[in-house]
Amino acid sequence: MTTHSEHRTPQPAPAPTPLPGPGPGPGPTVGRSWTVSPEPFTTGDATRLRRAYYAEVAGRYWKRTVTEAEIDQGLLDFPDDGLEPPTGQFVVGRLDDVALACGGIRLLDAVTAELTRVYVDRRARGTGGGAALLRVLEAESRALGAERVRLDTRSDLVEARALYARHGYAEIPAYNSGRYAEHWFEKRLV
């Protein structure tokens with residue numbers, strides 16, 4: 001990740017707004033429901049979620065708040081190309097009609113899809129959003145002809161690694177040499 005803001009003062013993240021529906025913030029899904037569907041990664045909701053994803057993964061890596069300029073640069077450095085048919089798909093997850101999660105898949109080859117940009121807003125974690133994203137992304141992978149899904153992630157993204165393991169992804173040897181890749185996973189779809 002490239003940074004061009006060495007002289008900028010990091011701005012604090014805005015306070016999260018409360019979620020609609022029963023109960024404050026994260027918690028049981030009683031009375032709450034996720035819907036996940038394909039959506040172009042350029043819509044307003046998709047763009048906001050991709051920016052939030054990047055802000056979180058970059059901020060955790062750098063151990064500080066990420067600036068808007070750094071998010072802009074990161075999205076340029078790591079474009080979402082391939083996350084639309086016929087080479088992939090991007091999805092947005094909504095909890096009680098509020099866009100709070102996203103993810104994408106792209107084909108690496110005729111039988112292998114790669115999971116990327118999987119993100120659930122902090123306010124909605126623990127409500128089943130990650131599982132809902134994976135179900136739809138795996139179905140979209142099958143629809144593109146994939147027989148397996150792979151992904152890479154970092155050691156500090158502990159929650160993500162636990163999510164993948166809970167849903168049948170097994171750690172495998174490195175299949176790429178991504179600059180930030182430290183763990184690689186795969187799940188057979190057939």
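Which residue in E7 is the bridge partner of Leu151? I looked this up in the predicted model and found that the partner is Phe185.

**Entry 1: confidence**

The mean pLDDT of the protein chain is 88, and 84% of the residues reach 70 or more. For residues 1–17, where pLDDT is under 50, the model has 24 contacts beyond four places in sequence. For residues 20–27, also under 50, I noted 19 such contacts. Where pLDDT is low, the predicted coordinates should not be read in detail, and I left both stretches aside.

**Entry 2: the sheet**

I then traced the strands. Seven of them, or 7 strands in the order E1-E2-E3-E4-E5-E7-E6, form an open sheet with mixed pairing. Its edges are E1 (34–38) and E6, each of which pairs on one side only. On average, neighbouring strands are turned by 30 degrees against each other, direction ignored.

I examined E5 (residues 148–153) on both sides. With E7 the strand pairs in the antiparallel sense over 6 bridges; with E4 the pairing is parallel, over 3 bridges. Across from Arg150 in E5 I found Glu114. E5 is mostly covered, with 5 of its 6 residues buried.

**Entry 3: a helix across the sheet**

Which strands does helix H3 lie across? I recorded E1, E2 (88–95), E3 (98–109), E4 (112–120), E5 and E7 for this helix, which comprises residues 129–143. H3 runs at about 155 degrees to E4.

**Entry 4: helix H1**

I checked the length of H1 against expectation. At 1.5 Å a residue, its 19 residues should span 27 Å, and the end C-alpha atoms are 27 Å apart, so the two values agree. Its buried residues are Ala46, Leu49, Arg50, Tyr53, Tyr54, Glu56, Val57, Ala58 and Gly59. I noted that Arg50 and Glu56 are on this list. The buried residues pack against helix H2 (68–77), E2, E3 and E4. Just after H1, Lys63 takes a positive phi of about 60 degrees.

**Entry 5: aromatic pairs**

How many aromatic pairs does the structure hold? I found 5. One of them joins Tyr61 and Tyr180, with 4.9 Å centre to centre and 85 degrees between the planes. Why is this pair edge-to-face? The angle of 85 degrees counts as edge-to-face because it is over 60. The pair links distant parts of the chain: Tyr61 is in H1 (residues 44–62), whereas Tyr180 is in the loop between E6 (170–172) and E7 (183–188), 119 residues apart. Tyr61 is partly exposed at 39% relative accessible area, while Tyr180, at 14%, counts as buried.

I next looked at Tyr164 and Phe185, whose ring centres are 6.1 Å apart with planes at 50 degrees, so the pair is tilted. Tyr164 belongs to helix H4 (residues 158–166) and Phe185 to E7, so the pair ties together parts 21 residues apart in sequence.

Which residues do ring pairs link into a cluster? I listed Tyr61, Phe78 and Tyr180.

Terms used:
Residues are numbered from 1 along each chain as its sequence is written. This is a predicted model: local features need pLDDT of at least 70, side-chain atom pairs count only at pLDDT 80 or more; totals for chains, interfaces and linings use all residues. Side-chain values use heavy atoms; hydrogens and water are left out. Rings of Phe, Tyr and Trp (its six-membered ring) pair if their centres lie within 6.5 Å; planes under 30 degrees apart count as stacked, over 60 as edge-to-face and the rest as tilted. Helices (H or I, at least four residues) and strands (E, at least two) are DSSP runs, numbered from the N terminus. Buried means under 20% relative accessible area, exposed over 50%, partly exposed in between (1.4 Å probe, protein chains only). Two strands pair if DSSP finds at least two bridges between them. Axes are lines fitted to C-alpha atoms, for helices over the stretch in contact, and angles run from 0 to 180 degrees between N-to-C directions. Contact means heavy atoms within 4.5 Å. The expected span of a helix is 1.5 Å times one less than its number of residues. pLDDT is the predictor's confidence in each residue, from 0 to 100.
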